[in-house]
Structures are given as C-alpha cells and as structure tokens.
Amino acid sequence: MAKIFFVSMLLLCLHKVNAQHTTATASANIISVVGTSKEAELNFGKFSSNKQPGEITVTPFNQIIVHGGVTTGKDVRAVEAASFRVYGSTNDHVISLPQECMIVREDGQEAMLICSFNIHSAADPATPYDTQKVSIGATLKVNPNQVPGVYIPSQPFEVMINYN
C-alpha cells in the first residue's frame with residue numbers, strides 16, 4: 001500500500017501543471033495644494049461723463065481705452081486690472097469669470113454695468129513653485145450724465161477656478 005501511495009505521489013509531482021501568471025501595478029497622482037492670493041482690485045480710475053453714453057475698458061495689461069461720452073483725467077495711475085496669483089497645479093484648471101456685474105454709487109441708487117471681462121494668465125518663472133499670475137480687465141458702461149460719486153460693487157464678482 002505504501003508503494004502505491006508513493007508512486008501516486010511521484011506521478012502527481014511529475015505531472016506538468018499549466019498555470020497563468022500576470023502582474024498588476026498601482027498608481028496615484030498627488031497634486032499640489034492649490035491656493036490663490038489677491039494682489040489688486042479692478043479700478044477704472046477717475047473720469048467724468050457728459051450727455052453721451054460711454055465706456056471705459058481696462059485691459060489685463062493696465063491699459064485704458066475710452067469711448068463715447070467719457071473723459072479721463074491726466075493722472076491715470078489709479079487705473080488697474082484686477083490681479084491674483086494661483087499656486088500649485090496651474091496647468092490643470094480653467095478660470096471662469098462672470099458675464100457682468102454692477103457697481104452702485106455709495107449712498108445712492110445710481111449704477112453702472114461692468115461687462116466683457118477678459119483674462120490674461122502666465123506662468124511666473126520668478127517663483128520657486130508652480131505659480132501663475134492672472135490679470136483681469138473689463139469694460140465699464142457709463143450712462144449719460146452719470147451722477148458723480150464713488151461707485152462700489154453691489155457684490156464682488158466671482159472668479160471661479162475649476163480644476164480638471
């Protein structure tokens with residue numbers, strides 16, 4: 001009986017077994033912590049209006065373009081595009097801006113429309129990590145004989161950063 005058991009075990013050990021073998025890998029993609037910091041507010045500067053409607057456009061490069069019934073002063077240093085920095089994973093996002101927003105006169109009801117937002121963004125090689133400087137310009141629609149005063153946002157315009 002021991003011989004039969006031994007021969008059976010030997011035959012099992014000599015029998016070729018067909019088996020399949022494969023490998024798999026695992027991966028992960030850890031992105032940098034993303035953040036923003038505001039550097040400047042959008043400022044259309046000082047101007048006056050007359051009987052004609054007009055527009056003031058501030059470009060993302062801090063240039064001012066005036067059309068229609070608007071006159072700017074000689075000192076346009078206050079004109080400034082909004083700007084901020086985006087930190088981390090700057091190649092994996094899309095920046096969205098509103099189509100329009102309103103600014104209203106302090107202690108008044110008069111308003112002006114801000115529209116045609118436009119954006120310029122570029123990598124900032126002067127920083128040691130993944131940083132992008134973003135500048136935002138827009139057009140301010142000035143009504144005929146716009147009431148003088150300081151105009152402020154009825155609510156801040158939202159800059160949305162959507163990550164891919």
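Mentor: In this predicted model, Glu39, Arg85 and Lys133 are linked in a network of salt bridges.

Trainee: Why is the contact between Arg85 and Glu39 called a salt bridge?

Mentor: The closest N and O atoms of Arg85 and Glu39 are 2.6 Å apart, and because the definition asks for a side-chain nitrogen of Lys or Arg within 4 Å of a carboxyl oxygen of Asp or Glu, the pair qualifies.

Trainee: How do you know whether Arg85 is buried or exposed?

Mentor: Arg85 has a relative accessible area of 16%, and since buried means under 20%, Arg85 is buried. Glu39, with 39% relative accessibility, falls between the cut-offs of 20% and 50% and therefore counts as partly exposed.

Trainee: What makes Glu55 and Lys141 a salt bridge?

Mentor: Their side chains meet at 2.4 Å, N to O, which is within the 4 Å limit, so the term applies. Glu55 lies in strand E2 and Lys141 in strand E8, so the pair ties together parts that are 86 residues apart in sequence. Glu55, at 23% relative accessibility, counts as partly exposed, and so does Lys141, at 32%.

Trainee: Why are strands E2 and E8 said to pair?

Mentor: Five bridges join E2 to E8, and because pairing needs at least two bridges, these strands pair; they run antiparallel, with Ala138 in E8 as the bridge partner of Val58.

Notes. Residues are numbered from 1 along each chain as its sequence is written. This is a predicted model: local features need pLDDT of at least 70, side-chain atom pairs count only at pLDDT 80 or more; totals for chains, interfaces and linings use all residues. Side-chain values use heavy atoms; hydrogens and water are left out. Helices (H or I, at least four residues) and strands (E, at least two) are DSSP runs, numbered from the N terminus. Buried means under 20% relative accessible area, exposed over 50%, partly exposed in between (1.4 Å probe, protein chains only).
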